[in-house]
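This report describes the fold and selected local features of the protein shown below.

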Amino acid sequence: HPNSFEAAIATYSGFEKTTLIGGYVTRWAGYDSGDDISKFKKLGGDESNGVAVVGIMNESVENLALQGWYYAIDEVSKAFYTDATYALPFTETMELELSAQYANFSEEKGSGMDGNVYGVGAAFNIGALTLGAAYNKASNDTDKYVSNGFGGGPYFTSMEEMTIDGFEDVKAYQLSAELDMADAGLEGLTLTALYGNFKSTPSDMKIKEIDLIAAYELSEAFSAEVSYAMVDDKNKNTSEDGLYDGGYDRFLVRLNYNF
């Protein structure tokens, strides 16, 4: 479910095809915020004053989208993130999209949030079908980890449940297929299947996940999503106490109304 934030944000779009963003975020609530998801809490923990953020997005080069972000997470880490996406159109109904991303975390006061993330991705679209592949790799010192940030994270391999968040030297790849059902007369309906593989040798972790998703946009205001996630703990050690199979199945129905 979407997270909520207490923040002051300013956006400037006075430069052609460039957007500048800056602000300060103090508290948050929601699914990723901690134990009591209904309660607003400090973003970086009880000792943190919040997060300063600046970002830039640029599309001045044809078919190329660039963005870069810097986060100063008080008492936790300083983080830099950037990605680039380049589209190669072959015909009106055929296109190849190539992407790359990089993130760097520099911990503060022994928080453990430290390391680098590298990622590449490709998506090939032909008519109603889009096929995708992505890879992420994290590089950390001993007992350090990378973070999703404050939500599901920007990484190409993120699944419905699993991400590279919280693991040392984790590697992940993802394969995906998406089918737009408009040509079959079902305007607004999209079917997606994803397969993800996550492995961290220092954590003795190996997890595979399969996601099946149906999303239906009935109008600009109303949409629905049904998803089924199957998480398989191959090393049978990722439960909360690390003693048994942490795998599970999860079924979700979500209805969204915007007004």
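## Overall fold

From the N terminus on, the protein runs β-β-β-β-β-β-β-β-β-β-β-β-β-β, with zero helices and 14 strands (helices are DSSP runs of H or I with at least four residues, strands are E runs of at least two, numbered from the N terminus). Its radius of gyration is 19 Å, close to the 18 Å of the globule rule for 259 residues, so the protein is as compact as a globular protein of that length (the radius is taken over C-alpha atoms, and the rule is 2.2 Å times the number of residues to the power 0.38). The model is predicted: local features need pLDDT of at least 70, side-chain atom pairs count only at pLDDT 80 or more, and totals for chains, interfaces and linings use all residues. Numbering starts from 1 along each chain as its sequence is written, and side-chain values use heavy atoms, without hydrogens and water.

## Two partly exposed residues

Partly exposed lies between buried (under 20% relative accessible area) and exposed (over 50%), with a 1.4 Å probe and protein chains only.

| Residue | Relative accessibility |
|---|---|
| Leu129 | 31% |
| Asn63 | 36% |

Leu129 lies in strand 9 (residues 129–139). Asn63 belongs to the loop between strand 4 (51–58) and strand 5 (64–73). Beyond its neighbours within four places in sequence, Asn63 is in contact with Thr85, Tyr86, Ala87 and Pro89 (contact means heavy atoms within 4.5 Å). The C-alpha atoms of Asn63 and Tyr86 are separated by 5.6 Å, although these residues are 23 residues apart along the chain.
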